[in-house]
Amino acid sequence: MAEGENKGLVLLDFWVSPFGQRCRIALAEKGVEYEYREENLRDKSPLLLKSNPVHKKIPVLIHDGKPVCESLIIVQYIDEAWPDRAPLLPADSYARAQARFWADLVDKKMYESGTKLWKLKGEAQEEAKKEFIEILKLLEGELGDKKYFGGDTFGLVDIALVPFTAWFYSYEACANLSAEKEAPKLVPWVKRCRERESVSKSLPDPLKVYEFVCFLKKVYGIE
Amino acid sequence: MGEAKQVTLYGFWLSPYCALVHLALKLKGVAYEYVEEDLANKSATILQLNPVHQKVPVLVVDGKPVAESRVILEYIDETWAEPSFVPSDPYSRARVRFWVDFFYQRLIRTMPSHPLDDLSTIGTPRKVLANSMVPPSYAIIRSQGEELEKATKEFIEVLRILEKGIMEDFPRKGPFIHGSSPGLLDIIVGTGNAGTKAIEEVADVKLFNEEMTPQLYSYVHAFLSLDLVKNTVVPYDKVFEAIKERRMMALSSSKE
């Protein structure tokens, strides 16, 4: 293999994926150049299947030919591979533990809970709404009056959570759940994050997300 | 090196997640106090220290609590430097984290909160979930016949993938996956062994041995041979009794 052929960064991703967006935000924060490759999830590329044979999922960050998988692992890798600028995790080990704890919580709860909002109907949807509101309030409580979840610096938890804000419009349209009304203290945080170029350039238009959700609903036969 | 910290671990004696933390602290040579929690009767302390999940383990260092076993392990590694649990280069570190995550995703939990997690519910009826929704270990404990065979195959497949992955990502450079001293993967995979062995005996299945996954087997054997580990793990007969009881309850409740 020619030297330099594998050099550089490639991000295998899917435009609407909040997990992929985390990686895009992290790379942008570090000001690192990379090649973005859109995957067709119904026809996954040989490179994706080779790079993530275990889960066969995006996002995958390929750095000089070596794949890193799982979005929060990728974000931490990006932080550690470019330690000289824009730290995404705090230096103090206790603060890092708190960041990992809350990022882990976002990971465990947001996607599954959010998905239920548009996949379910009737009583099941009402249950899902209650669950989702609880999570929002928990996050609202943790944010408190801080600028970002980690304090003054934009970091791991913000990156883990902010992509899901592009789905708020869809949650309202499908489940009549207004995240802004249920967790008003998150609103200034969302605005603050979106003012960052890394975030505004990485997140999709909420209306396009809603179009996608409607498409998925057709595919799943949900009215 | 600063002054010694005040360290307290809140745990449950049978919990493998708590065992992980005991081992990590001991490997780092950290002096700590241990407080046993009655999971059927959670103390106000645990509810205060871990209000989000209300679970053990919780590690409190100089009054500040850390929860979630994986978070605690990395915290311990970063707070007490030697011996290190993860590689120094970012890429190898990312691969260690990947395999830890794989182990947790496929073998320990397939859902955010599953029956085996909540040890306080032992003896109480549980929501009936399909085998595909629970960890393979739990599926094995509660199944018979065809279901048991399927769950067993799944468990073995996970270990096979782990073996292959570890061999590819971490060239052999010592008795442990990490090298000359045990690291994060050694601690996590090694700690799972007692439970695995007990499940094998109780359900009469073969899950983990030298023939099927020779590399993993030798790494786990090296880890379990350490005196420190031998003196810290829950006695096997107690683990066996607990698993046996769980299977009895699961099989009898499925007959109702």
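Helices here are DSSP runs of at least four residues, and strands are DSSP runs of at least two, both numbered from the N terminus. By that count, chain B has 10 helices and 4 strands. The model is a predicted one. Two chains, A and B, meet in it.

Start with chain B. Its elements follow the order β-α-β-α-β-β-α-α-α-α-α-α-α-α along the sequence. Chain B has 256 residues, and 54% of them count as buried. To be buried, a residue must have under 20% relative accessible area. The accessible surface of chain B is about 12200 Å². Carbon and sulfur atoms hold 54% of that surface.

Now turn to chain A. This chain has 11 helices and 4 strands. It has 223 residues, of which 54% are buried. Its accessible surface comes to about 10700 Å², with 51% belonging to carbon and sulfur atoms. Among its contacts with a separation of 6 or more, 68% come from residues 24 or more positions apart.

What is the overall form of chain A? The C-alpha trace spans about 60 × 45 × 30 Å along its principal axes. A compact globule of 223 residues would have a radius of gyration near 17 Å, and chain A has 18 Å, so the value agrees with that rule. Charge is the next item. Chain A carries 34 positive and 36 negative charges, and their mean positions are 2 Å apart.

Next, look inside chain A at helix H3, residues 71-81. Of its 11 residues, 10 are buried, so the helix is largely enclosed by the rest of the structure. The buried residues include Ser71(A), Leu72(A), Ile73(A) and Ile74(A). Tyr77(A), Asp79(A) and Glu80(A) are also among them. What do these buried residues pack against? Within chain A, the partners are helix H1 (18-30), strand S3 (60-63), strand S4 (66-69), helix H4 (93-119) and helix H6 (156-161). H4 of chain B is a partner too.

That last partner leads to the place where the chains meet. The contact takes 26 residues from chain A and 28 residues from chain B. About 2500 Å² is buried between the two chains, and carbon and sulfur atoms give 63% of it. On the chain A side, Tyr94(A), Phe101(A) and Lys108(A) lose the most area to chain B. Together these three account for 24% of what that side buries.

Cross over to chain B and find Arg106(B). This residue lies in helix H4, residues 90-108. Is Arg106(B) buried or partly exposed? Its relative accessibility is 26%, so Arg106(B) counts as partly exposed. Leaving aside neighbours within four places in sequence, Arg106(B) touches residues of both chains. From chain A come Val54(A) and His55(A). From chain B come Pro136(B), Val158(B) and Ile161(B). Arg106(B) and Pro136(B) are 30 residues apart in sequence, yet their C-alpha atoms are 7.7 Å apart in space.

Finish with Ala173(A), in helix H7 (residues 168-175) of chain A. Its relative accessible area is 39%, so Ala173(A) is partly exposed. Ala173(A) and Pro87(A) are 86 residues apart along the chain, and 36 Å separates their C-alpha atoms.

Notes: Residues are numbered from 1 along each chain as its sequence is written. Chains are lettered from A and ligands numbered from 1 in the order in which they are written. This is a predicted model: local features need pLDDT of at least 70, side-chain atom pairs count only at pLDDT 80 or more; totals for chains, interfaces and linings use all residues. Side-chain values use heavy atoms; hydrogens and water are left out. Buried means under 20% relative accessible area, exposed over 50%, partly exposed in between (1.4 Å probe, protein chains only). Accessible areas come from the Shrake-Rupley method with a 1.4 Å probe; for residues, only the protein chains shown count as cover. The radius of gyration is taken over C-alpha atoms; the globule rule is 2.2 Å times the number of residues to the power 0.38. Contact means heavy atoms within 4.5 Å. Lys and Arg count as positive and Asp and Glu as negative; His and the chain ends are not counted. The place of a charge is taken as NZ of Lys, CZ of Arg, CG of Asp or CD of Glu. Buried area is the accessible area (1.4 Å probe) that two parts lose on being put together, summed over both.
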